[in-house]
Amino acid sequence: MKKHSVLKAAALAAAAYTVSLRGRTKHPDLEILRRYRFAHRGYHDKPVVPENSLPAFRRAFGAELDVHLMKDGTLAVIHDSSLLRTAGADVQIEDLTREELENYRLEGTDERIPLFDEVLALFENTTPLIIELKAANGNHFALSKAVCERLDSYKGVFCIESFD
């Protein structure tokens, strides 16, 4: 009897999880998002145009981007928390300030890591964005709050997602 209850609970949990993954599939703004092909990390062309650079975002007709919260509250756009792969530095983006961020360049080019505000300015009133929140070190709430506060005044279509 106990085994049957455990199996039933597991089946219900799996069904609930599957339904939750579907999200808001009937939301009217999803039709707007479906009209675009989104450039993941911008429309980059290595080694000339690095991923997540302003030139990569300027070339995109819709973009997916990753946002991190730095230690001074600044929002930066880069995929990985570690800058090792993209900027050749063994440092975490969350440990930097806006001023310190100026010292890092993307993939051996002169391009720097953009701020969230800079990328938003490129897309405002134009094409939609898919914004992925990249939480680290338990900053889920602070990151979500900072991004939502910034998007309160943004004039454009966007979708926020996170794997956390």
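Read along the sequence, the chain runs α-α-β-α-β-β-α-α-α-β-α-β. This amounts to 7 helices and 5 strands. Both element types are DSSP runs numbered from the N terminus, with helices (H or I) of at least four residues and strands (E) of at least two. The model is predicted, so local features need pLDDT of at least 70 and side-chain atom pairs count only at pLDDT 80 or more, while totals for chains, interfaces and linings use all residues. Residues are numbered from 1 along each chain as its sequence is written, and side-chain values use heavy atoms, with hydrogens and water left out.

Of the 164 residues in the chain, 40% are buried. Buried denotes under 20% relative accessible area, exposed over 50%, and partly exposed in between (1.4 Å probe, protein chains only). F123 belongs to helix 6. With a relative accessible area of 2%, F123 is buried. F123 and K155 are 32 residues apart in sequence. Their C-alpha atoms are 9.0 Å apart in space.

Two asparagines have positive phi values. Phi of N125 is near 60 degrees. N125 sits in the loop between helix 6 (116-123) and strand 4 (129-133). Its relative accessible area is 60%, so N125 is exposed. Phi of N137 is near 55 degrees, again a positive value in a residue other than glycine. N137 occupies the loop between strand 4 and helix 7 (140-151). N137 counts as exposed because its relative accessibility is 70%.

A patch of negative charge on the surface gathers D72, D95, E99, E100 and E102. Patch members have over 30% relative accessible area and no salt bridge; like charges are joined within 9 Å, and nonpolar side chains (Val, Leu, Ile, Met, Phe, Trp, Tyr) within 5 Å. Accessible areas come from the Shrake-Rupley method with a 1.4 Å probe, and for residues only the protein chains shown count as cover. A salt bridge requires a side-chain nitrogen of Lys or Arg within 4 Å of a carboxyl oxygen of Asp or Glu. Asp and Glu count as negative, Lys and Arg as positive; His and the chain ends are not counted. Each charge is placed at NZ of Lys, CZ of Arg, CG of Asp or CD of Glu. D95 counts as partly exposed because its relative accessibility is 41%.

The structure holds 0 disulfides, a disulfide being a pair of cysteine sulfur atoms within 2.5 Å. C148 is partly exposed, at 39% relative accessibility. C159 is also partly exposed, at 24%.
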